[in-house]
Amino acid sequence: MKKILALLMSICMIAFLAGCGNDNGKTADSEKPSTSEKITVQAAASLKGALTELADTYKKDRHLADDQIAVNFAGSGTLRQQIEQGAPASLFISADEKNMKMLQEKDLVTDVKPFVTNELVLVVPKGQPQISLDQITTVKRIVLGTPETVPAGNYGKQVLTKMGVWEQVEPNVVYAKDVKSVTASISRGAGDAGFIYKTDAIAAGDAVQIAAVTPVDSHDPVIYPIGIIKKYDNALAKDFYQYVMSDEGKKILEKYGFYTGK
């Protein structure tokens, strides 16, 4: 009887150890990266919060290493120039259609689609007197992204031109390298008013306050297109492209104030 019990215990122990081995094998396999490929995303500075979360969530879900998806944030015009010069990037998300179209004309991108939309607003430092767009000629320091490379700056210039005051206020304009720099200048009081996106105003919290929302017909539509850069296309780029366009991706984008067309 003792021999039979000992034999049964041995069989149970072997089965248990085998089961543990299988579980460990499954866990190890599930934690392996889904790919060893790497990509760099060129993205408009105004997407920093949302796209950083998108990339972090995607890497966690796919068990990727931190360096497998890098994101370079800057003014869309600057990013477009880098792509034209051969920067090793796989995806481009511009804050305007103009810079994306320039790459399309050179056959550098493919699968271009609308990604999100935004609103342009006039902001002032928190605690400062509110002003309206009609009072913009009284502002001593207007902070604007450089129109040639920063879409938000170009949109802002369009608003001021549409109002017929651009030539009058241009001497008071202080230029910034991207929309995040405009927001920072206003938040620390280095400017009296500035044009940024609604999403940036939301992200700035109590540092700035929205003085006015620009009329839709005062500037080009604020449409962000996304495209895959042909030279550095790979499977990871395609999959991340699909992810940011998915319902899960849209939820994150909408959390930051972007409109996804849902």
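**Notes on the pocket and the sheet**

1. The largest pocket holds about 190 Å³ of space. A pocket here is an open set of points on a 1 Å grid over the protein atoms alone, with protein on both sides within 12 Å along at least five of seven lines. Volume means the space filled by probe spheres set on the points, which are joined across faces, edges and corners.

2. This is a predicted model: local features need pLDDT of at least 70, side-chain atom pairs count only at pLDDT 80 or more, and totals for chains, interfaces and linings use all residues. Residues are numbered from 1 along each chain as its sequence is written, and side-chain values use heavy atoms, with hydrogens and water left out.

3. Back to the pocket: 13 residues line it, and N118, E119, V216, H219 and V222 come closest to its centre. Lining residues have an atom within 4 Å of a point.

4. Now the sheet. It is open and mixed, with 5 strands in the order 7-6-8-5-9. Strands are DSSP runs of E, at least two residues, and helices are runs of H or I, at least four, numbered from the N terminus; two strands pair if DSSP finds at least two bridges between them. Strand 7 (173-176) and strand 9 (208-213) are the edges, each with a single partner strand, so one side of each has no neighbour in the sheet.

5. Strand 6 (residues 142-145) and strand 8 (residues 193-197) run parallel, joined by 2 bridges. I142 sits opposite A193 in strand 8.

6. Helix 5 (residues 151-162) packs on the sheet, touching strand 5 (120-125), strand 6 and strand 8; contact means heavy atoms within 4.5 Å.

Technical notes: Axes fitted to C-alpha atoms, helices over the stretch in contact; angles between N-to-C directions. 1 Å grid on protein atoms, 1.4 Å probe; cavity = no way out; pocket = protein on both sides within 12 Å on 5 of 7 lines; lining within 4 Å.
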